[in-house]
Amino acid sequence: MPSLTDVRFAEIAQEIACDVLSKSQDDDNILKLQEISREFVSDTITVPTKEMNAYALRASLGDDVYFEPSTALLEAHVAKVTGKEAGLFLPTGTMSNQIALRTHLQQPPYSVITDARAHIYRMEAGGAAFHSGANSIPIIPDNDHHLTWEDIEPRIVSGTDVHVAPTRIIALENTLNGTIMPQKDVLEISKNAHTRDIIMHLDGARIWHVAAETGLSMKELCDPFDSASLCLSKGLGAPIGTILVGSKPFITKARWFRKLFGGGMRQTGYMVGCAAYALTHNFPLLPRVHALAKRMQQGLEELGVGILSPAETCMLFYDPSPIGVEYWEIVEGAAQLPHPIKLNGSRLVMHIQTSPQAIEDFLELIRTLKEEKAAAGWKPENASSKKKTLFRDVYVKAVRPA
């Protein structure tokens with residue numbers, strides 16, 4: 001007969017036990033994959049395939065805070081591919097960028113130059129100021145596409161004036177909003193920065209797309225930088241992870257900061273197994289993704305829709321106002337299709353699991369909305385002229401008028 005202690009333990013164990021699988025989980029997952037194939041929100045929504053999972057489950061077992069064999073192999077591989085001495089596996093791109101800045105920046109005051117649209121400046125919760133005590137100098141590119149040395153040089157802060165924070169890092173993002181920064185401008189910025197003892201960091205969350213589109217090797221793309229952050233979940237389709245690369249002393253210190261930031265992970269074998277599978281099997285899919293984005297742009301232009309930022313790689317930003325349609329009308333109409341499509345506003349992102357049919361269905365929706373507006377009496381001359389502003393933010397969220 002079980003003792004009272006045994007009975008109580010069994011009760012506690014039953015309370016703690018957890019099952020996160022629904023009764024129809026396999027069917028639910030199939031439906032979710034179909035939904036993902038019709039979402040233009042981001043390329044972070046992709047999910048592991050059965051093949052990726054099968055490969056990843058064979059990865060080594062180990063605690064990465066101490067040493068995890070498969071993780072060490074992935075770090076070394078990405079470092080070699082990018083021409084750097086060492087690499088560090090991190091859970092997110094934001095942590096990777098912020099640890100890179102914190103590792104480079106040793107003693108304030110100092111400042112970091114970025115594009116005004118950059119993820120480091122706009123989308124990382126003010127991390128440069130919070131973690132590193134750094135002042136940010138956001139610059140709007142004069143050509144409305146990418147930063148050049150002519151944009152950057154006048155904004156560099158130097159000297160010993162106690163009122164200022166000298167520039168210690170120039171952080172470039174490639175791609176930025178899906179657009180590719182010309183390599184000649186990257187090289188010119190790097191050359192001039194290094195002559196001034198300014199560090200170069202690359203936010204290369206989608207740098208894989210640049211390699212796929214331009215034919216430049218990862219080493220060529222990363223050579224101008226002292227450190228680079230490369231996302232494995234955006235574009236490549238791994239479920240999690242970013243690799244930070246740089247010199248051995250830099251990565252040794254970055255590993256220390258990873259622990260301090262709470263980013264030290266334990267059994268990472270499965271995660272890096274997925275990442276390795278993505279590098280091998282998903283990178284070759286990127287040209288197809290670019291072709292889908294270009295098809296989307298072509299179809300929108302044929303319908304008279306404005307393009308705010310073109311499809312150079314995996315995404316584009318569009319403006320439906322030239323045909324009299326509002327973003328919210330598109331979002332609501334897309335959600336009501338027999339096979340719904342999900343988007344948030346002006347940004348349309350294609351990914352490795354995007355369905356070509358979703359693009360055609362989206363274009364047909366735009367065509368229908370355009371025809372409805374015309375039937376209701378809307379004419380192109382009714383389109384409101386947009387005032388030229390100093391900074392054009394191509395991110396527009398769909399908001400239904402109150």
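This is a predicted model: local features need pLDDT of at least 70, side-chain atom pairs count only at pLDDT 80 or more; totals for chains, interfaces and linings use all residues.
1. Where does Lys234 lie? You will find Lys234 in the loop that runs between strand S6 (227–231) and strand S7 (242–246). Setting aside its neighbours within four places in sequence, Lys234 is in contact with Asp43, Thr44, His119, Ala205 and Arg206.

2. The UniProt record has something to say about this residue too: an unreviewed entry places the feature "modified residue: N6-(pyridoxal phosphate)lysine" at Lys234.

3. UniProt also lists residues 40–317, again in an unreviewed entry, as "domain: Aromatic amino acid beta-eliminating lyase/threonine aldolase". In the model, the chain over residues 40–317 is 42% helix and 16% strand. The end C-alpha atoms of that stretch are 11 Å apart.

4. Now for a pair of helices. Two packed helices are described by the angle between their axes and the distance between the axes. For helix H15 (residues 327–335) and helix H16 (residues 356–375), the axes come within 10 Å and cross at roughly 125 degrees. H15 is therefore oblique to H16.

5. H15 passes H16 in a right-handed crossing. On the H15 side the contact is made by Glu329, Ile330, Gly333 and Ala334, and on the H16 side by Phe362, Leu365, Ile366, Leu369 and Lys373. Sorted by class, the contact of H15 with H16 has six nonpolar, one polar and two charged residues.

Technical notes: Residues are numbered from 1 along each chain as its sequence is written. Side-chain values use heavy atoms; hydrogens and water are left out. Axes are lines fitted to C-alpha atoms, for helices over the stretch in contact, and angles run from 0 to 180 degrees between N-to-C directions. Helices (H or I, at least four residues) and strands (E, at least two) are DSSP runs, numbered from the N terminus. Angles under 35 degrees count as roughly parallel, over 145 as roughly antiparallel, 65 to 115 as roughly perpendicular and the rest as oblique. A crossing is left-handed if the near helix is turned anticlockwise from the far one by less than a right angle, and right-handed if clockwise. Contact means heavy atoms within 4.5 Å. Ala, Val, Leu, Ile, Met, Phe, Trp, Tyr, Cys and Pro count as nonpolar, Asp, Glu, Lys and Arg as charged, and the others, Gly among them, as polar. UniProt positions are given in the numbering used here, feature names are shortened, and annotations may be inferred rather than shown by experiment.
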